[in-house]
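Visitor: Please show me the structure, and then let me ask about it.
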Amino acid sequence: MTLTTAGVNWITLKTTDTPWEAELMRQMLAAHEIPARVVQQGLLPHFGCVVPATLQVRPQDRWTALLLLSPLDDTNPDSPGASSSFSTDES
């Protein structure tokens, strides 16, 4: 979904179950100087009800944001920083 606000296009990157999850991701992107915003879906929360929220970024920042928010890949032993639980020492 693409929305335009004040001449800026925004696309929905992720939808979360709670606003604090989206806000945490927004802060992570802000640390890398990627503009993002959190939009709450539906009515305002009341009595502890959970309201889904979406994280939106500009279209040109989409792939960078997805890479920054993606989980680390620990399955490739050749990737930098990956730890190996086995020894390759052949004695």
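**Questions about the chain**

Guide: Thr54 lies in strand S4, which covers residues 53–57. This is a predicted model, in which local features need pLDDT of at least 70 and side-chain atom pairs count only at pLDDT 80 or more, while totals for chains, interfaces and linings use all residues. Residues are numbered from 1 along each chain as its sequence is written, and side-chain values use heavy atoms, with hydrogens and water left out.

Visitor: In what order do the elements of the chain run from the N terminus on?

Guide: Helices (H or I, at least four residues) and strands (E, at least two) are DSSP runs, numbered from the N terminus. The chain has two helices and four strands. From the N terminus on, their order is β-β-α-β-β-α.

Visitor: Is Thr54 buried or exposed?

Guide: Buried means under 20% relative accessible area, exposed means over 50%, and partly exposed is in between (1.4 Å probe, protein chains only). Thr54 has a relative accessible area of 5%, so Thr54 is buried.

Visitor: Which residue has a side chain joined to that of Thr54 by a polar contact of 3.3 Å?

Guide: A polar contact is a pair of N or O atoms within 3.5 Å; within protein, one must be able to donate a hydrogen and the other to accept it, and residues adjacent in sequence count only if both atoms are side-chain atoms. Leaving aside neighbours within four places in sequence, Thr54 is in contact (heavy atoms within 4.5 Å) with residues including Thr12, Arg37 and Gln41. The side chain that makes the 3.3 Å polar contact with Thr54 belongs to Gln41.

Visitor: With which residue does Arg26 form a salt bridge?

Guide: A salt bridge is a side-chain nitrogen of Lys or Arg within 4 Å of a carboxyl oxygen of Asp or Glu. With the closest N and O atoms 2.6 Å apart, the partner is Glu23.

Visitor: Over the ring of which residue does the charged end of Arg62 sit?

Guide: A charge sits over a ring if NZ of Lys or CZ of Arg is within 6 Å of the ring centre and within 35 degrees of the ring normal. The charged end of Arg62 is 4.7 Å from the centre of the ring, which belongs to Trp63.
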